[in-house]
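Hi,

Here is the model I promised to pass on.

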Amino acid sequence: FLQACSNSIPLIKQCLILRIAEFVLRYALVQFGQDLYLQTSGTAMGTNFAPTYANIYFNYLESKLFPSIPLLSPPNPTFSKATFKYKPISLIKSNLLTKKNNNIVYYCRYLDDIFFIAPNNNDANSLLSELNSLSPAMKLTGTLGHTLPFLDVTLTLPMIGDQISSSLFYKPMCTFLYIPPESAHPQSCFR
């Protein structure tokens, strides 16, 4: 990431960014009750740095898989109300020519949630396998189908046409209840 932005970020700031990131990742302490634990791998959920780190990490992995897509420039679909249209965007299609996945129609990611459209299950499974091969520390799982959840939305891809419909997605265990006050959450969660 810093190499890609080296012209716009002075070297002294690059070094500072790396030192701060190293400190946050190396000394992630988690308190549960009276006990303190040191996280030894990855980043702690809920820290301010976690989304930034996830974006940088996934962007780096994607740059290995899709080398001709510039770093930090994801595709931008056009949204309107509850539907959006996709097209086999020439920029994406021409740049997804990896060994196995030259048929991916659409690909986008938000942090560590990835959504892509493939013409068939074999191409979808192939891309998922290729993504999983990029890092031994990461294991992505996938859901295949014409209707599936992405973030907090259920997306439905029609059998014919290019308009994807959407509706709100609620996880099966969602009960719309509040956090009980006796839980181990910080007091700031109860305000």
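Before the details, a word on the ground rules. This is a predicted model, so local features need pLDDT of at least 70 and side-chain atom pairs count only at pLDDT 80 or more, while totals for chains, interfaces and linings use all residues. Residues are numbered from 1 along each chain as its sequence is written, and side-chain values use heavy atoms, with hydrogens and water left out.

**Overall layout**

The protein has four helices and nine strands. Both kinds of element are DSSP runs numbered from the N terminus: H or I of at least four residues for helices, E of at least two for strands. Along the sequence the order reads α-β-β-α-β-β-α-β-β-α-β-β-β. The chain has 191 residues, and 26% of them count as buried. With a 1.4 Å probe and protein chains only, buried stands for under 20% relative accessible area, exposed for over 50%, and partly exposed for anything in between.

**Salt bridges**

The rule here is a side-chain nitrogen of Lys or Arg within 4 Å of a carboxyl oxygen of Asp or Glu. That gives two salt bridges.

One joins Arg109 to Glu62, with the closest N and O atoms 2.8 Å apart. This pair ties together distant parts of the chain, since Arg109 sits in strand β5 and Glu62 in helix α2, 47 residues apart. Arg109 is buried because its relative accessible area is 17%, and Glu62 counts as buried because its value is 12%.

The other is between Arg26 and Glu22, at 3.2 Å from N to O. Both residues belong to helix α1 (residues 11-26) and are four residues apart, about one turn of the helix. Arg26 counts as partly exposed because its relative accessibility is 47%; for Glu22 the figure is 38%, so that residue is partly exposed too.

**Pocket and cavity**

On a 1 Å grid over the protein atoms alone, a cavity is a set of points where a 1.4 Å probe fits but cannot get out; a pocket is an open set with protein on both sides within 12 Å along at least five of seven lines; and a lining residue has an atom within 4 Å of a point. Points are joined across faces, edges and corners, and a volume is the space filled by probe spheres set on them.

The largest pocket comes out at about 940 Å³. It has 35 lining residues, and those nearest its centre are Ile114, Phe116, Thr143, Leu144 and Leu148. Elements giving two or more residues to that lining are β6 (113-117), α4 (121-132), β7 (147-150) and β8 (153-156).

How many cavities of 30 Å³ or more does the structure hold? There is one, and the largest cavity has a volume of about 40 Å³. Its lining consists of Phe58, Leu61, Glu62, Tyr107, Ile114, Leu131, Leu134 and Met138. Helix α2 (residues 50-65) gives the most to this lining, with three residues.

Leu111 counts as partly exposed because its relative accessibility is 22%, as does Leu151 because its value is 39%.On the surface, Leu29, Leu36 and Leu38 make a nonpolar patch with about 330 Å² of accessible area together. Patches take residues with over 30% relative accessible area and no salt bridge, joining like charges within 9 Å and nonpolar side chains (Val, Leu, Ile, Met, Phe, Trp, Tyr) within 5 Å. The areas come from the Shrake-Rupley method with a 1.4 Å probe, and for residues only the protein chains shown count as cover. Leu29 lies in strand β1 (residues 29-32) and is exposed because its relative accessible area is 58%. Gln31 is in strand β1 as well, and its C-alpha is 9.2 Å from that of Ala184, 153 residues away in sequence.

Finally, there are zero disulfides in the whole structure, taking a disulfide as a pair of cysteine sulfur atoms within 2.5 Å. Cys108 counts as buried because its relative accessibility is 13%, whereas Cys15 is partly exposed because its value is 41%.

Cheers
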